[in-house]
Amino acid sequence: MNPSSDKRVIFFYDGKCGFCQSVASHYRKVKGHEKVLFINIHTKKFNSYRQGLSKKEAEEVIHARLPNGQMKLGVDALITLWDTFPNYKIFAKVFNHSATKPIAQVFYRIIAKYRKQIPKFLLRK
């Protein structure tokens with residue numbers, strides 16, 4: 001996909017992870033979702049070479065590509081996503097602050113590391 005041809009944020013997620021699927025499914029329903037293209041990195045639609053990242057990188061941390069081609073990772077990818085949705089902009093502001101971002105990054109690393117072990121009953125459908 002040519003970044004200049006699509007003005008949406010491209011959000012890459014691990015479709016083999018129940019937690020990740022729940023997150024993507026939730027955000028697909030919120031106001032502003034049409035500004036985001038959600039791509040499961042385990043489908044044929046995803047070509048890691050064309051996206052400029054390895055499958056391993058894509059599996060370890062979420063990625064968001066801005067319309068200008070810039071790639072955001074982890075908490076920065078979430079901040080990008082939240083900033084796209086009108087009702088979530090407050091989260092983008094709160095977690096992009098110098099006082100809260102380091103804490104968010106620590107929590108993100110923990111959740112990313114153990115995301116596949118989160119019990120299914122904790123995930124809303």
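Which residues does valine 36 touch, not counting residues up to four places away in sequence? In this predicted model, the list for valine 36 is Arg8, Val9, Phe11, Leu81, Thr84 and Phe85. Several of those names come back below, in the largest nonpolar core. Here's the rundown, from overall fold to core to charges.

**Overall fold**

- The protein has 6 helices and 4 strands, and from the N terminus on they run β-α-β-α-α-β-β-α-α-α.
- Its radius of gyration is 14 Å, close to the 14 Å that the globule rule gives for 125 residues, so the protein is as compact as a globular protein of that length.
- If you want a box for the C-alpha atoms, think roughly 35 × 30 × 25 Å along the principal axes.
- Buried residues account for 38% of the 125 residues.
- Take the contacts between residues at least 6 apart in sequence: 61% of them join residues at least 24 apart.

- The largest nonpolar core holds 23 residues, and the ones touching the most other members are Phe11, Tyr27, Val36, Phe38, Leu81, Trp82 and Phe85.
- Two or more residues each come from β1 (9–13), α1 (18–27), β2 (36–40), α4 and α6 (101–114).
- Helix α4 is the top contributor to this core, with 6 residues.
- That helix is mostly covered, with 8 of its 10 residues buried; the buried set is Val75, Ala77, Leu78, Ile79, Thr80, Leu81, Trp82 and Thr84.
- Leucine 81 sits in α4 (residues 75–84) and counts as buried because its relative accessibility is 0%, under the 20% cut-off.
- Leaving out residues up to four places away in sequence, leucine 81 touches Phe11, Tyr27, Val36 and Phe38.
- There's also a second, separate core of 8 residues, which includes Phe12, Ile41, Phe46 and Leu53.

**Salt bridges**

- A search of the whole structure turns up 5 salt bridges.
- One of them pairs the side chains of arginine 115 and aspartate 14 at 2.8 Å, N to O. Arginine 115 is in the segment after α6 and aspartate 14 is in the loop between β1 and α1, so this pair ties together parts 101 residues apart in sequence.
- Both partners in that pair are buried, with aspartate 14 at a relative accessible area of 3%.
- Aspartate 14 also forms a salt bridge with lysine 116, where the closest N and O atoms are 3.4 Å apart. This is another link between distant parts of the chain, 102 residues apart.
- Aspartate 76 is in helix α4 and lysine 101 in helix α6, so the pair ties together parts 25 residues apart in sequence.
- In that pair, aspartate 76 is partly exposed at 26% relative accessibility, while lysine 101 counts as buried at 18%.
- Shared partners join Asp14, Arg115 and Lys116 into one salt-bridge network.

**Surface**

- The protein exposes about 8,000 Å², and carbon and sulfur atoms supply 58% of that area.
- Ile90, Phe91 and Val94 make a nonpolar surface patch of about 260 Å².
- Phenylalanine 91, one of the patch residues, is found in helix α5 (residues 89–95) and is partly exposed, with a relative accessible area of 37%.

How values were computed. Residues numbered from 1 in each chain as written. Predicted model: local features only at pLDDT ≥ 70, side-chain atom pairs only at ≥ 80, totals over all residues. Heavy atoms only, no water. Patch = residues over 30% accessible without salt bridge, like charges linked within 9 Å, V, L, I, M, F, W, Y side chains within 5 Å. Areas by Shrake-Rupley, 256 points an atom, 1.4 Å probe, with all protein chains shown as cover. Salt bridge = Lys/Arg side-chain N within 4 Å of Asp/Glu carboxyl O. Buried < 20%, exposed > 50% of the residue type's maximum accessible area, 1.4 Å probe, protein only. Contact = heavy atoms within 4.5 Å. Rg over C-alpha atoms; globule rule 2.2 N^0.38 Å. Core = buried A, V, L, I, M, F, W, Y, C linked by side-chain atoms within 4.5 Å.
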